[in-house]
Amino acid sequence: MKKKVVSIVLTAVMVAALTTACGGKSETAAAPAPAEETRTEAAPEAEEEPEAEAEPEAEAENEAEPVDDGAEDFTLLDVSNEMIDAGVYAVSEDGTELVFSMFTEPSGTPMASLFIFPADDESVSDVICGAYTAESETDEDGITWTVLTVTDAYTGGEFEIGFGESEEEVYIFDTAGNAYEGQYLSADDTIDYMGAAVNLLAE
C-alpha cells in the first residue's frame, strides 16, 4: 500500500466531501464564533443596548445548527473493527490495488466502500462509499457473485461493485465489471488498509 498517488483532483474531492457520510468531519461549527465576537463589540459603539442584546441571541441560534450537524458526521476514518462485516484486498496483474469493505455505521445503515489505485501515475485513483442494496447469484463454476448497488456519498450517483466467493477463492469487481482475485482481511487489517487508502488519497 506504499504506492505514490499524485491526484490533485481526488484530493480536492476528499476535501470537498468533508460533510458527506463517508467524507471527513465538518469544521464549519467554528466559523460563526469570530463573527459573533465582532458584532458584540460593535454594538456598544452604537449605544443601542436593546439591539446589542438581540443581535448576539440571533447569532447564537445560527451557530447551534452547524455544531449539531458536525456532531452527526460519520467518516471512513471513524470506522472501527467492531463495525466491519467483510474486507478484501486485491492486486491486479498490472499492479492496480483495490480495498473493498462492508461495514455497519453507528446508525445501523449497511455501508460498502471500494478504493481503487491504478498502477500508473497517469490514471486517477478513486473511492466509492455509501449505502447499498445487494443481489446474489451463483454461476456454473460455483462462484457466488454479489452485486452491490451503492449510492455514492461523494457524487450522489449509483455504482455497481461487489465480490465473488467460492469455497477457496474471493474476488472483487469494480464499476466496470472487472474481477480481481483477492484475499480476505481480518477486521483489524481491514481498518489498517482503509486508513492507508484514505491517507494515500489525501496526499
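In the predicted model, methionine 194 is in contact with Leu76, Val79, Ile84, Val99, Ser101, Phe103, Ser113 and Phe115, leaving aside its neighbours within four places in sequence. A second, separate core of 16 residues includes Ala112, Phe163, Val170 and Ile172.

The largest nonpolar core comprises 21 residues, of which Met194 is one of those that touch the most other members, together with Leu76, Val79, Phe103, Phe115 and Cys129. Two or more residues of this core are given by each of strand 1 (84-91), strand 2 (97-104), strand 3 (110-117), strand 4 (126-138) and helix 4 (187-202). Helix 4 supplies the largest share, 5 residues. In soluble globular proteins, nonpolar side chains tend to be buried together.

Aromatic rings were examined next. The count comes to 4 aromatic pairs. Among them is the pair of tryptophan 145 and phenylalanine 173, which is tilted, with 6.1 Å from centre to centre and 55° between the planes. Tryptophan 145 belongs to strand 5 (residues 144-152) and phenylalanine 173 to strand 7 (residues 170-173), so the pair ties together parts that are 28 residues apart in sequence. Ring pairs also bring in Tyr171, linking Trp145, Tyr171 and Phe173 into a cluster.

The two partners of the tilted pair fall into separate accessibility classes, for which the cut-off for burial is under 20% relative accessible area. Tryptophan 145, at a relative accessible area of 21%, is partly exposed, whereas phenylalanine 173, at 9%, is buried.

Note on methods: Residues are numbered from 1 along each chain as its sequence is written. This is a predicted model: local features need pLDDT of at least 70, side-chain atom pairs count only at pLDDT 80 or more; totals for chains, interfaces and linings use all residues. Side-chain values use heavy atoms; hydrogens and water are left out. A nonpolar core is a set of buried Ala, Val, Leu, Ile, Met, Phe, Trp, Tyr and Cys residues joined through side-chain atoms within 4.5 Å. Buried means under 20% relative accessible area, exposed over 50%, partly exposed in between (1.4 Å probe, protein chains only). Helices (H or I, at least four residues) and strands (E, at least two) are DSSP runs, numbered from the N terminus. Contact means heavy atoms within 4.5 Å. Rings of Phe, Tyr and Trp (its six-membered ring) pair if their centres lie within 6.5 Å; planes under 30 degrees apart count as stacked, over 60 as edge-to-face and the rest as tilted.
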